[in-house]
Amino acid sequence: MGFTIGGNRDMRSGSRRRGRTSESTTVAEYTGLWGWDVVPGARAARSSGGGRNECSCGDHGCPSPGAHPLSFAPGVPAGATLDAAAAAWEQVPGAAVLLPVGRSFDVLEVAEYAGGHALVRLERMGLPLGPVAVTPHGRAQFFVAPGAAAELPELLYRMGWDDADLDLRCLGPGDHITAPPSDLGGLGPVRWLRPPTLDTAGRPPHARLVLGTLAYLSHRAGA
């Protein structure tokens, strides 16, 4: 069975239209409401032989099936309207919605277990928080102010976590994340633990405000 960016070749045209409408609305929300750039991404599907997932980019040896931008498709800039988003997504029906990291936000990523506990603790402490997403392979992604990736080693050093074995990483310029509700690598949809709001989407907190709690709980989860 063939696989294209729009999905299986025998997908009904009506389903494609409904999917495009939903995806275009999601893209317009991210660009027009939250002020984020959006990039069309590849999709993954189980191969006909039941082996590893195949990527819609067409590269049979793709190292990240369904989890990378489409090189031939332009992004949709922040501020784009619903009409502009719909027109852009008409060119790549079925594409995953990806968000470039390092522009409006960086991302602190930790195990979902530690991330969920950190979110509860941070909310109880009344600390400012940005959006938080969770991936189908068990990673929680905290949106923080741009620059966190470059500052992370120094921040960990100052907090005394520089030599700890942490299940924690920071994504910055050049990275992309799959945005809810798109599928990530054929594993299932990404979802929000803490959805964006008008107050948080454009002003994510500095990494130091959440890093200590994330590092502590990531260390406990690893232990």
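This is a predicted model: local features need pLDDT of at least 70, side-chain atom pairs count only at pLDDT 80 or more; totals for chains, interfaces and linings use all residues.
The account begins with a sheet. Five strands form an open sheet in the order E10-E7-E9-E8-E12, and their pairing is antiparallel. At the edges stand strand E10, residues 168-171, and strand E12, residues 191-194; each has a single partner strand, so one side of each is left without a neighbour in the sheet. From one strand to the next, the twist averages 30°.

E7 and E9 are antiparallel and pair over six bridges, with valine 107 standing opposite phenylalanine 143 in E9. E8 and E9 also run antiparallel and are joined by three bridges; here valine 132 has phenylalanine 142 of E9 as its bridge partner. The hairpin of E8 and E9 has four residues between the strands, and within this hairpin glycine 138 adopts a positive phi near 85°. Strand E8, residues 132-134, is in turn joined to E12 by three bridges, again in the antiparallel sense. In that pairing, valine 134 stands opposite arginine 191 of E12.

A helix accompanies the sheet. Helix H4, which spans residues 148-159, lies across strand E7 (106-111), strand E9 (139-144) and E10. Relative to E10, H4 runs at about 145°.

Six of the six residues of E9 are buried, so the strand is largely enclosed by the rest of the structure. Both of its faces are covered: Arg139, Gln141 and Phe143 are buried on one side, and Ala140, Phe142 and Val144 are buried on the other.

Glutamine 141 counts as buried because its relative accessible area is 5%, under the 20% cut-off. Its side chain makes a polar contact of 3.0 Å with the side chain of glutamate 109. Beyond residues up to four places away in sequence, glutamine 141 touches Val107, Leu108 and Glu109, as well as Pro131, Val132, Ala133, Thr135, Leu171 and Ile177.

Valine 144 and arginine 208 are 64 residues apart in sequence, yet their C-alpha atoms are 9.1 Å apart in space.

Attention now turns to strand E6. Five of the five residues in this strand, residues 96-100, are buried, so E6 is largely enclosed by the rest of the structure. Ala96, Leu98 and Pro100 point one way from E6, whereas Val97 and Leu99 point the other way, and all are buried. E6 pairs with strand E3, residues 39-41, in the antiparallel sense through three bridges, and valine 97 in E6 is the bridge partner of proline 40. Three bridges also join E6 to strand E11, residues 176-178, and these two strands run antiparallel. Proline 100 stands opposite histidine 176 of E11.

The cysteines come next. In general, a disulfide is a covalent bond between the sulfur atoms of two cysteines. A search of the whole structure finds zero disulfides. Cysteine 62 is buried, at 4% relative accessibility. Cysteine 170 is also buried, with a relative accessible area of 16%.

The aromatic residues complete the account. Across the whole structure, a search finds six aromatic pairs. Ring pairs link Tyr30, Trp36, Phe105, Phe143 and Trp192 into a cluster.

Note on methods. Residues are numbered from 1 along each chain as its sequence is written. Side-chain values use heavy atoms; hydrogens and water are left out. Two strands pair if DSSP finds at least two bridges between them. Axes are lines fitted to C-alpha atoms, for helices over the stretch in contact, and angles run from 0 to 180 degrees between N-to-C directions. Contact means heavy atoms within 4.5 Å. Buried means under 20% relative accessible area, exposed over 50%, partly exposed in between (1.4 Å probe, protein chains only). A polar contact is a pair of N or O atoms within 3.5 Å; within protein, one must be able to donate a hydrogen and the other to accept it, and residues adjacent in sequence count only if both atoms are side-chain atoms. A disulfide is a pair of cysteine sulfur atoms within 2.5 Å. Rings of Phe, Tyr and Trp (its six-membered ring) pair if their centres lie within 6.5 Å; planes under 30 degrees apart count as stacked, over 60 as edge-to-face and the rest as tilted.
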